Amino acid sequence: MLSKYAILLDGGFVTKKLQSKFGRFPTAADVDQECQRIARHQELAKRDLLRIYFYDASPAKDRLTNPIDGSALDLSATSEFREHMSLLDKLELTPNFAVRRGEVVAHGWKLGDRAFKNMMKNPRPPAANDIVPDLEQKGVDLRIGLDIARLALREMVDIIVVVTGDSDLVPAFRFARREGVRVFLDHMGHGVRRDLKAHADIII
(Lines give C-alpha, C1' and ligand atoms only; values in the text may rest on other atoms or scores of the structure.)
Protein backbone atom coordinates (compact mmCIF):
# COMPACT_ATOMS: atom_id res chain seq x y z
CA MET A 1 0.00 0.00 0.00
CA LEU A 2 1.27 3.46 -0.93
CA SER A 3 2.44 5.53 1.98
CA LYS A 4 4.19 8.47 0.34
CA TYR A 5 3.51 12.14 -0.11
CA ALA A 6 4.95 15.01 -2.13
CA ILE A 7 5.08 18.72 -1.33
CA LEU A 8 4.53 21.17 -4.19
CA LEU A 9 5.49 24.78 -3.47
CA ASP A 10 4.22 27.71 -5.51
CA GLY A 11 7.56 29.52 -5.28
CA GLY A 12 6.40 33.07 -5.93
CA PHE A 13 3.63 32.72 -3.34
CA VAL A 14 5.89 31.11 -0.72
CA THR A 15 8.63 33.68 -1.24
CA LYS A 16 6.24 36.61 -0.76
CA LYS A 17 4.69 35.10 2.38
CA LEU A 18 8.09 34.39 3.95
CA GLN A 19 9.39 37.84 2.96
CA SER A 20 6.41 39.39 4.74
CA LYS A 21 7.02 37.16 7.76
CA PHE A 22 10.75 37.82 8.13
CA GLY A 23 11.02 41.33 6.68
CA ARG A 24 13.74 40.14 4.28
CA PHE A 25 14.14 37.94 1.24
CA PRO A 26 13.89 34.28 2.37
CA THR A 27 16.74 31.80 2.20
CA ALA A 28 16.74 28.15 1.16
CA ALA A 29 16.89 27.27 4.87
CA ASP A 30 13.70 29.28 5.47
CA VAL A 31 11.89 27.34 2.73
CA ASP A 32 13.20 24.04 4.10
CA GLN A 33 11.93 24.95 7.57
CA GLU A 34 8.43 25.48 6.16
CA CYS A 35 8.55 22.03 4.60
CA GLN A 36 9.66 20.51 7.90
CA ARG A 37 6.68 22.19 9.56
CA ILE A 38 4.38 20.57 7.01
CA ALA A 39 6.05 17.17 7.43
CA ARG A 40 5.21 17.23 11.16
CA HIS A 41 1.47 17.24 10.40
CA GLN A 42 -0.18 14.21 11.99
CA GLU A 43 -1.40 12.88 8.63
CA LEU A 44 2.14 12.97 7.19
CA ALA A 45 4.41 12.11 10.11
CA LYS A 46 4.19 8.34 9.50
CA ARG A 47 4.52 8.59 5.72
CA ASP A 48 7.63 8.82 3.57
CA LEU A 49 8.45 11.96 1.61
CA LEU A 50 8.87 11.34 -2.11
CA ARG A 51 10.17 14.80 -3.00
CA ILE A 52 9.64 18.54 -2.56
CA TYR A 53 8.99 20.45 -5.77
CA PHE A 54 9.64 24.22 -5.86
CA TYR A 55 8.09 26.04 -8.83
CA ASP A 56 9.36 29.48 -9.72
CA ALA A 57 10.69 31.49 -12.62
CA SER A 58 14.28 32.58 -12.95
CA PRO A 59 14.31 36.37 -12.47
CA ALA A 60 14.39 38.62 -15.53
CA LYS A 61 17.79 39.94 -16.53
CA ASP A 62 16.73 42.43 -19.20
CA ARG A 63 18.14 45.92 -19.53
CA LEU A 64 15.27 48.44 -19.66
CA THR A 65 15.19 52.14 -20.45
CA ASN A 66 12.81 54.32 -18.41
CA PRO A 67 10.58 56.09 -20.98
CA ILE A 68 10.16 59.18 -18.81
CA ASP A 69 13.75 60.17 -17.95
CA GLY A 70 15.73 57.80 -20.19
CA SER A 71 17.60 56.17 -17.32
CA ALA A 72 18.74 52.56 -17.75
CA LEU A 73 17.83 49.72 -15.42
CA ASP A 74 19.82 46.50 -15.58
CA LEU A 75 17.62 43.93 -13.84
CA SER A 76 20.52 41.47 -13.55
CA ALA A 77 22.45 43.98 -11.41
CA THR A 78 19.75 44.38 -8.75
CA SER A 79 19.84 42.87 -5.28
CA GLU A 80 16.50 41.21 -6.00
CA PHE A 81 18.05 39.33 -8.94
CA ARG A 82 21.02 38.13 -6.87
CA GLU A 83 18.85 37.03 -3.94
CA HIS A 84 16.37 35.24 -6.18
CA MET A 85 19.06 33.39 -8.13
CA SER A 86 20.82 32.43 -4.90
CA LEU A 87 17.58 30.98 -3.52
CA LEU A 88 16.92 28.85 -6.61
CA ASP A 89 20.53 27.69 -6.89
CA LYS A 90 20.70 26.64 -3.23
CA LEU A 91 17.32 24.91 -3.29
CA GLU A 92 18.52 22.82 -6.24
CA LEU A 93 21.31 21.51 -3.99
CA THR A 94 19.08 20.95 -0.95
CA PRO A 95 18.30 17.26 -0.27
CA ASN A 96 14.90 16.07 -1.52
CA PHE A 97 14.23 19.31 -3.46
CA ALA A 98 13.58 19.62 -7.18
CA VAL A 99 13.31 23.08 -8.73
CA ARG A 100 10.96 23.50 -11.68
CA ARG A 101 11.64 26.77 -13.51
CA GLY A 102 9.27 28.82 -15.61
CA GLU A 103 10.28 32.10 -17.20
CA VAL A 104 9.76 35.82 -16.69
CA VAL A 105 8.99 38.03 -19.69
CA ALA A 106 9.56 41.80 -19.54
CA HIS A 107 6.84 43.84 -21.25
CA GLY A 108 8.35 47.26 -20.63
CA TRP A 109 6.98 49.52 -17.88
CA LYS A 110 3.78 50.08 -15.93
CA LEU A 111 2.51 52.47 -13.28
CA GLY A 112 3.35 51.22 -9.78
CA ASP A 113 0.50 50.47 -7.36
CA ARG A 114 1.56 53.13 -4.86
CA ALA A 115 1.88 55.79 -7.57
CA PHE A 116 -1.51 54.81 -9.03
CA LYS A 117 -3.26 55.28 -5.67
CA ASN A 118 -1.46 58.57 -5.09
CA MET A 119 -2.37 59.90 -8.53
CA MET A 120 -6.01 58.89 -8.08
CA LYS A 121 -6.14 61.14 -5.01
CA ASN A 122 -3.96 63.91 -6.43
CA PRO A 123 -3.96 63.87 -10.26
CA ARG A 124 -0.58 64.74 -11.76
CA PRO A 125 1.68 63.62 -14.63
CA PRO A 126 3.68 60.46 -13.82
CA ALA A 127 7.29 60.87 -12.73
CA ALA A 128 10.17 58.54 -13.56
CA ASN A 129 10.03 56.83 -10.15
CA ASP A 130 6.27 56.18 -10.52
CA ILE A 131 6.76 53.46 -13.10
CA VAL A 132 8.13 49.96 -12.53
CA PRO A 133 9.14 47.10 -14.85
CA ASP A 134 6.13 45.20 -16.19
CA LEU A 135 7.15 41.57 -15.66
CA GLU A 136 5.03 38.50 -16.41
CA GLN A 137 5.74 35.06 -14.97
CA LYS A 138 4.92 32.26 -17.40
CA GLY A 139 4.76 28.49 -17.19
CA VAL A 140 4.73 28.04 -13.40
CA ASP A 141 1.03 27.17 -12.90
CA LEU A 142 1.23 24.85 -15.90
CA ARG A 143 4.16 22.94 -14.42
CA ILE A 144 2.41 22.59 -11.05
CA GLY A 145 -0.74 21.26 -12.72
CA LEU A 146 1.19 18.81 -14.90
CA ASP A 147 3.12 17.43 -11.94
CA ILE A 148 -0.07 16.99 -9.91
CA ALA A 149 -1.52 14.98 -12.80
CA ARG A 150 1.68 12.96 -13.28
CA LEU A 151 1.99 12.08 -9.59
CA ALA A 152 -1.66 11.00 -9.51
CA LEU A 153 -1.72 9.01 -12.76
CA ARG A 154 1.51 7.14 -12.03
CA GLU A 155 0.33 6.43 -8.46
CA MET A 156 3.63 7.74 -7.09
CA VAL A 157 2.04 9.15 -3.91
CA ASP A 158 -1.22 8.94 -2.04
CA ILE A 159 -1.08 12.52 -0.71
CA ILE A 160 -0.09 15.73 -2.50
CA VAL A 161 0.49 18.82 -0.35
CA VAL A 162 0.21 22.05 -2.34
CA VAL A 163 1.39 25.33 -0.84
CA THR A 164 -0.35 28.09 -2.77
CA GLY A 165 -3.03 30.74 -2.79
CA ASP A 166 -3.83 30.35 -6.50
CA SER A 167 -7.36 29.19 -7.29
CA ASP A 168 -6.28 28.49 -10.90
CA LEU A 169 -5.08 25.14 -9.56
CA VAL A 170 -8.61 23.98 -8.69
CA PRO A 171 -8.93 21.83 -11.88
CA ALA A 172 -5.67 20.04 -10.98
CA PHE A 173 -6.94 19.46 -7.42
CA ARG A 174 -10.17 17.99 -8.79
CA PHE A 175 -8.29 15.72 -11.20
CA ALA A 176 -6.00 14.34 -8.48
CA ARG A 177 -8.92 13.60 -6.18
CA ARG A 178 -10.81 11.80 -8.94
CA GLU A 179 -7.71 9.61 -9.36
CA GLY A 180 -7.85 8.69 -5.66
CA VAL A 181 -5.09 10.98 -4.39
CA ARG A 182 -5.76 13.10 -1.33
CA VAL A 183 -4.93 16.80 -1.73
CA PHE A 184 -3.79 18.89 1.22
CA LEU A 185 -3.73 22.69 0.94
CA ASP A 186 -1.41 24.98 2.91
CA HIS A 187 -2.22 28.64 2.17
CA MET A 188 0.16 29.95 4.88
CA GLY A 189 -2.61 32.02 6.44
CA HIS A 190 -3.31 33.89 3.21
CA GLY A 191 -6.89 34.69 2.26
CA VAL A 192 -7.91 32.35 -0.56
CA ARG A 193 -11.09 31.72 -2.52
CA ARG A 194 -13.59 29.25 -1.12
CA ASP A 195 -13.38 26.89 -4.12
CA LEU A 196 -9.67 26.31 -3.52
CA LYS A 197 -10.46 25.11 -0.01
CA ALA A 198 -13.52 23.18 -1.17
CA HIS A 199 -11.44 21.00 -3.51
CA ALA A 200 -8.82 20.11 -0.90
CA ASP A 201 -9.22 17.22 1.54
CA ILE A 202 -7.40 18.89 4.43
CA ILE A 203 -6.31 22.47 5.10
CA ILE A 204 -2.96 22.65 6.88
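1. The model is a predicted one, and I begin with its largest nonpolar core, which has 26 residues, of which Leu8, Tyr53, Ile144, Ile148, Leu151, Ile160 and Phe173 touch the most other members. Two or more residues come to this core from each of β1 (4-10), β2, α5 (140-153), β7 (159-163), α6 (170-178) and β8 (182-186), and α5 provides the largest share, 5 residues.

2. The strands form an open sheet of 7, in the order β6-β5-β2-β1-β7-β8-β9 and with mixed pairing. Because β6 (131-138) and β9 (202-203) stand at the edges with a single partner strand each, one side of each is left without a neighbour in the sheet. Within the sheet, β1 and β2 pair in the parallel sense over 7 bridges, and aspartate 10 stands opposite tyrosine 55 in β2.

3. Helix α5 lies across β1, β2, β5, β6 and β7, and runs at about 160 degrees to β2. Its 14 residues reach 20 Å from the first C-alpha to the last, close to the 20 Å expected at 1.5 Å a residue.

4. Which residues of α5 are buried? They are Val140, Ile144, Gly145, Asp147, Ile148, Leu151 and Ala152, and, seen down the axis of α5, these buried residues fall within an arc of 165 degrees, so they line one face of the helix. Their cover includes β1, β2, β5, β6, β7 and α6. After α5 comes glutamate 155, whose phi is positive, near 55 degrees.

5. Helix α3 (residues 79-92) also has 14 residues, reaching 20 Å from its first C-alpha to its last, close to the 20 Å expected at 1.5 Å a residue. Its buried residues are Phe81, His84, Leu87, Leu88 and Leu91; viewed down the axis of α3 they fall within an arc of 135 degrees, so they line one face of the helix. The buried residues of α3 pack against α1 (11-22), α2 (28-39), β2 (48-57) and β5 (97-111).

Methods. Residues are numbered from 1 along each chain as its sequence is written. This is a predicted model: local features need pLDDT of at least 70, side-chain atom pairs count only at pLDDT 80 or more; totals for chains, interfaces and linings use all residues. Side-chain values use heavy atoms; hydrogens and water are left out. Helices (H or I, at least four residues) and strands (E, at least two) are DSSP runs, numbered from the N terminus. The expected span of a helix is 1.5 Å times one less than its number of residues. Buried means under 20% relative accessible area, exposed over 50%, partly exposed in between (1.4 Å probe, protein chains only). The arc is that of the directions from the helix axis to the C-beta atoms. Contact means heavy atoms within 4.5 Å. A nonpolar core is a set of buried Ala, Val, Leu, Ile, Met, Phe, Trp, Tyr and Cys residues joined through side-chain atoms within 4.5 Å. Two strands pair if DSSP finds at least two bridges between them. Axes are lines fitted to C-alpha atoms, for helices over the stretch in contact, and angles run from 0 to 180 degrees between N-to-C directions.
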